[in-house]
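Please find below my notes on this model, arranged as numbered points. They should be read alongside the sequence and the coordinates.

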Amino acid sequence: MLEERRILLIISGGIAAFKSLDLIRRLRERGAMVTPVMTKASAEFVTPLSVSAMAGEKVFQDLFDLTSEAEMGHIELSRSADLIVVAPASADLIAKMAGGHANDLASTLLLATDTPVLVAPAMNLRMWSHAATQRNVTYLKDDSINFVGPNEGDMACGEFGLGRMAEPLEIVTAIEEYFMAMGPANALAGRRVLVTSGPTHEPIDPVRYIANRSSGAQGSAIAKALIELGADVIFVTGPADVQPPIGVHLIEVETAIQMLEAVEKEMPCDAAIFAAAVADWRVVDTPSSKIKKVNGQLPVLEFAENPDILARISNRTKTRPDLVVGFAAETEDVIENATKKRARKGCDWIVANDVSPETGIMGGSENAVTLITSQGVQGWDRMSKSAVARQLAMKIANALGRA
Ligand code: C5P
């Protein structure tokens, strides 16, 4: 289960830091690769030399360590792992995570990453039960951060109670469970999956365009989750706010017509996921120079309907992908409308969501989706967009028969 998995282990200050040596040993025994990061305080409890010797890798300690910045930027370091484990997690580091601080290497990595995080708290029982810590833990859980422990037991300070770090083997089990839920890393190995994402920009003239508010967050998260399952991902994106994930075959387009051309050129593929918010209309006869403002005269724009990329690909007779997934952003009668959309477009699945302003989903980090397939309707709990993406990627792997 842990074979070839890369784990970024952040060790923060606390007497439990000595247990991280055993944790590293047990992870490596199971085939995982461990990149250690130590906070300044943790080096008071366990030496970087022993951590490095145990991990068989360099220990990263300093945000301003220029050599390592040259070797690997902190952003890249934070994203190079399959999972980030914080063990032990001190009350201070948990507070920094909850507050979004980034004043040392550990907190910066945790803020810069979209890699899943598992936290193993370790602290005095009063620090753990303090309202501030509990509040921070709630924030982190709401942000889909996973926790293991703390346990009840004797504390280094002589007290007894809740706050002891989970034992290394318990942390290993939590890590294994996480990867088990994620599915095998190679579930989509050798599969070509195309993802469209982001908005399109439809020009009015050389300087003006019609756009929409899609950030590209859900599409990017899906592409990342597919990559994590080993797929070759072709990522056709309009001008999105969110960066495309590392490792995709990136095709950047502006208009719906360009998106269609790019998608058709990339056929055949095993699955195609249409997460883009494609403009329904484009302006016809866009002039080659800027439309001048003439007193008292309003320009008249004539529109033409854009091609429906999802419907085109769903209805291909030759080289139709085995699985075509569309999205339906609705504001009312979500399931009814999305079910009709699935039939109308001819796709296999529709991922439907309610984007009414009160849901906070559009532009937010969470999503509550309903998956509509030929088997029926499945409502998913509200969760982060990356968790939706991971769950969807697993379903895709299952459907393509490799999970
Ligand atoms: O019809 P509607 O825009 O609500 O359908 C949404 C789904 O159709 C999304 O999956 C979207 O990516 C796709 N779509 C498309 N091409 C269009 C319009 C929508 O691929 N021109």
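1. Which residues of helix 11 (residues 256-265) are buried? They are A256, M259, L260, A262 and V263, buried being under 20% relative accessible area and exposed over 50% (1.4 Å probe, protein chains only). These residues lie on the same side of helix 11, because they cover an arc of only 165° around the axis, taken from the directions from the helix axis to the C-beta atoms. Helices (H or I, at least four residues) and strands (E, at least two) are DSSP runs, numbered from the N terminus.

2. This is a predicted model, in which local features need pLDDT of at least 70 and side-chain atom pairs count only at pLDDT 80 or more, while totals for chains, interfaces and linings use all residues. Residues are numbered from 1 along each chain as its sequence is written, and side-chain values use heavy atoms, with hydrogens and water left out.

3. On the face of helix 11 turned away from its buried side are the exposed residues E261 and K265. The buried residues of helix 11 pack (heavy atoms within 4.5 Å) against partners including strand 8 (192-197), strand 11 (232-237) and helix 12 (309-314).

4. One of its oxygen atoms is 2.6 Å from a polar backbone atom of A276, and a ligand nitrogen atom is 3.0 Å from one of I309. The protein buries 85% of the 450 Å² that the ligand exposes when taken alone, by the Shrake-Rupley method with a 1.4 Å probe.

5. Y178 and F179 are both buried.

How values were computed. A polar contact is a pair of N or O atoms within 3.5 Å; within protein, one must be able to donate a hydrogen and the other to accept it, and residues adjacent in sequence count only if both atoms are side-chain atoms.
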